[in-house]
Amino acid sequence: MDFEIVAHRGYSAIAPENTLAAFAAAMEGGANAIEFDVRLCADNVPILIHDATVNRTTDGTGNVRDLTLEQLKQLDAGLWFSDRFIGERIPTLAETLDFLQDTPASVCAEIKDGDDWSSEDIERLIETIRAPLRGSLRDRNWESRFRIASFSDEFVDRVAAIAPTLPRAYYPLTPADYQEKVRQLKSEKDTMLLCEYHLLLENPHLIKISRNCCIDVGAWTVDRAEDLEALVRLGVKQIVTNTLLNSKSNI
């Protein structure tokens with residue numbers, strides 16, 4: 001069936017989230033795409049971390065926005081998960097794209113605190129995505145394999161205004177919000193809706209509404225095989241999961 005398995009923060013069930021180790025595990029585990037979280041640090045470099053602080057996923061403390069890239073690179077981002085990952089570091093967005101460029105994976109970047117990003121920050125983000133790839137892929141960039149997502153609709157709209165061809169995604173939180181976004185996006189290309197999966201299972205008519213408008217739908221975060229199977233039957237095109245990376249071959 002035609003759907004994608006997206007590794008949530010990498011293969012976060014078996015490796016520390018939002019790290020290169022988790023992304024390598026995701027590719028080995030059969031993911032079609034990788035989702036990760038992007039924040040700005042003190043010197044406005046996009047780095048990969050979910051929380052507003054480093055407390056949970058590193059051996060350090062403090063707000064991400066108050067720490068420079070140099071300070072963040074001194075933190076261990078693997079030890080909290082397992083001794084096997086001691087020495088894993090917080091990657092930058094540029095390092096992540098370089099790491100993944102020779103794989104077939106597409107990526108979905110969830111931008112955190114999007115309302116705090118300046119126009120210059122957004123322009124630098126787009127420049128990173130559009131930067132020529134190295135080696136044999138130098139005539140290509142990440143734009144066709146990169147999707148911008150955020151819980152800030154305004155942020156996604158600002159990206160669209162600067163880079164209208166960059167694929168993007170919105171997060172509807174209620175049935176009414178979902179239907180309003182379908183009305184807003186039905187004439188837009190390369191857009192999709194990413195939903196908490198219960199919203200779709202409890203309101204399956206929403207998927208039909210969006211499909212009638214040629215808008216694809218993804219579901220997060222799905223870690224039970226029966227829920228995945230139900231969502232695929234309903235027509236969901238992306239399944240974001242921590243654990244079910246090898247499920248596509250079984251459906």
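1. Arginine 145 lies over the face of tryptophan 142, 3.9 Å from the ring centre. A charge is taken to sit over a ring if NZ of Lys or CZ of Arg is within 6 Å of the ring centre and within 35 degrees of the ring normal.

2. The model is predicted: local features need pLDDT of at least 70, side-chain atom pairs count only at pLDDT 80 or more, and totals for chains, interfaces and linings use all residues. Residues are numbered from 1 along each chain as its sequence is written, and side-chain values use heavy atoms, with hydrogens and water left out.

3. In helix H3 (residues 93-100), the residues Leu93, Thr96, Leu97 and Leu100 are buried, that is, under 20% relative accessible area, with exposed over 50% and partly exposed in between (1.4 Å probe, protein chains only). They lie on the same side of H3, because they cover an arc of only 95° around the axis, taken from the directions from the helix axis to the C-beta atoms. Helices (H or I, at least four residues) and strands (E, at least two) are DSSP runs, numbered from the N terminus.

4. Among the elements covering the buried residues of H3 are helix H1 (20-29), strand E4 (106-111) and strand E5 (146-150); contact here means heavy atoms within 4.5 Å.

5. Five of the five residues of E5 are buried, so E5 is largely enclosed by the rest of the structure. Phe146, Ile148 and Ser150 point one way from the strand, and Arg147 and Ala149 the other way. In a regular strand, side chains alternate between the two faces of the sheet.

6. E5 pairs in the parallel sense with E4 over four bridges and with strand E6 (residues 168-170) over three bridges; pairing requires that DSSP finds at least two bridges between two strands. Alanine 149 in E5 is the bridge partner of glutamate 110, and isoleucine 148 stands opposite arginine 168 in E6.

7. Seven aromatic pairs are counted, where rings of Phe, Tyr and Trp (its six-membered ring) pair if their centres lie within 6.5 Å; planes under 30 degrees apart count as stacked, over 60 as edge-to-face and the rest as tilted. The rings of phenylalanine 23 and phenylalanine 36 have centres 5.8 Å apart and planes at 50°, so this pair is tilted. Phenylalanine 23 lies in helix H1 and phenylalanine 36 in strand E2, so the pair ties together parts 13 residues apart in sequence. Both phenylalanine 23 and phenylalanine 36 are buried.
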